[in-house]
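Okay, everyone, let me put the model up on the screen. I'll walk through a few spots in it, starting with a ring and a charge.

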Amino acid sequence: MRAEVQNNVEAIQKSVALLKRRVDWETASHRLEEFNAMIEDPTLWDDPARAQKLMRDRQALMDAVEGIETLERETSDNVEMIELGEMEEDADVVSEAEAAIAKLVETAAEKELEALLDGEADGNDTFLEINSGAGGTESCDWASMLARMYVRWAEKRGYEVELQSRSAGEEAGIKSAAYKISGKNAYGWLKSESGVHRLVRISPYDSSARRHTSFSSVWVYPVVDDNIEIEVNPSDIRIDTYRSSGAGGQHVNTTDSAVRITHEPTGIVVTSSEKSQHQNRDIAMKALKSRLYQMELDRRNAAINEAHEAKGDAGWGNQIRSYVLQPYQMVKDLRTGFETSDTGGILDGDLDGIMASVLASDASGKSRADMGED
């Protein structure tokens with residue numbers, strides 16, 4: 001077997017070993033038996049919330065075990081095919097099996113990353129907010145570019161994207177936009193994007209073709225599901241209605257259908273501007289609960305808390321990532337040092353690599369903290 005193929009096999013075996021440690025492989029089958037016994041309890045659904053959590057936990061463990069077993073089985077099968085092909089001098093069989101192993105390396109790496117998404121809310125849907133910062137029209141245009149980037153990323157992963165609210169820029173782009181993105185681990189993936197994003201380019205709005213620097217902020221909050229209880233005191237909120245702005249729809253600019261909810265103790269403001277005022281109240285209240293829940297997560301997680309405390313204005317000193325289009329092409333994440341010259345791919349939603357670098361870095365930091373290292 002060629003050295004490259006042997007290295008691929010060893011990489012898969014290393015990923016499998018890491019996955020087994022994360023799932024506590026020695027006890028996995030026993031825990032599945034316990035889950036199976038519990039779901040047969042006729043009183044289980046007397047407590048729907050507990051039953052739903054148990055079913056989700058069971059399915060997650062089953063998926064993890066099946067994924068590990070599949071990786072091991074397919075790797076072994078293809079190694080045998082290579083050995084058989086080499087014995088019979090069948091180059092086509094060898095080539096096909098080698099390609100399958102190369103694909104398994106990618107699958108194993110992806111499963112490693114998914115295994116990192118084990119936070120309390122990582123599996124939830126998410127709210128994504130984008131706000132233009134310092135830079136006027138340039139910043140509004142940059143905010144619209146970011147919005148497109150995240151929508152494209154979500155669509156490539158098969159996620160559902162719902163526009164919650166949008167405020168247009170005076171000349172171009174957007175001042176702000178809020179989306180709900182639904183799909184497996186949507187929050188777990190996107191949480192790495194919270195922070196200020198900086199763009200450097202030749203301005204299309206500058207007749208002198210000078211280089212401009214623009215800033216926009218991105219903030220991500222998990223959608224609070226029925227298993228997370230968030231109490232909101234009615235006396236703590238102020239609900240305002242106003243006329244929705246934007247194109248299309250008979251209700252637009254004719255009825256006060258849009259809703260703004262202000263949470264007085266924290267100063268959090270959420271909005272929704274669908275056609276139905278009732279729908280907007282429901283959407284805005286869910287968004288508020290998600291923001292409040294995110295604050296609680298921040299208190300528990302020092303790293304995330306530090307990022308949010310440093311949120312500040314969308315400008316110098318609060319950046320997580322730079323996108324440079326002139327005088328050279330580069331996207332660099334300032335937290336991990338991840339760099340790529342594929343600016344077109346990034347802006348078209350190819351974000352998995354850069355997100356993965358942050359997830360891996362966070363996991364490494366947590367591991368060092370667990371071991372008592374600085």
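So, look at Arg-260: it lies over the face of Tyr-242, 4.5 Å from the ring centre. The rule for a charge over a ring is NZ of Lys or CZ of Arg within 6 Å of the ring centre and within 35 degrees of the ring normal.

Quick housekeeping. This is a predicted model, where local features need pLDDT of at least 70 and side-chain atom pairs count only at pLDDT 80 or more, while totals for chains, interfaces and linings use all residues. Residues are numbered from 1 along each chain as its sequence is written, and side-chain values use heavy atoms, with hydrogens and water left out.

Back to Tyr-242, which stands opposite Ala-258 in β7. Strands here are DSSP runs of E, at least two residues, and helices are H or I runs of at least four, both numbered from the N terminus. β6 and β7 (residues 258–263) run antiparallel and are joined by six bridges; two strands pair if DSSP finds at least two bridges between them. Zooming out, the open sheet has three strands in the order β6-β7-β8, with antiparallel pairing. β6 (237–242) and β8 (268–272) are the edge strands, each pairing on one side only.

Next, the aromatics. How many aromatic pairs does the count come to? Two, where rings of Phe, Tyr and Trp (its six-membered ring) pair with centres within 6.5 Å, and planes under 30 degrees apart are stacked, over 60 edge-to-face, the rest tilted. Trp-142 and Tyr-323 have ring centres 4.9 Å apart and planes at 70°, so that pair is edge-to-face. It links distant parts of the chain: Trp-142 is in helix α5 and Tyr-323 in strand β9 (residues 319–324), 181 residues apart. Trp-142 counts as buried because its relative accessibility is 0%, and Tyr-323 is buried at 0% as well; the scale is buried under 20% relative accessible area, exposed over 50%, partly exposed in between, with a 1.4 Å probe and protein chains only. Then there's Trp-153 with Tyr-159, also edge-to-face, at 5.6 Å centre to centre and 75° between the planes. Both of those are buried too.

Last thing, the core. A nonpolar core is a set of buried Ala, Val, Leu, Ile, Met, Phe, Trp, Tyr and Cys residues joined through side-chain atoms within 4.5 Å. The largest has 52 residues, and Tyr-150 and Tyr-323 have the most contacts inside it. Helix α5 (residues 137–156) gives the most to this core, nine residues. Apart from it lies another core, of 23 residues, including Val-9 and Ile-101.
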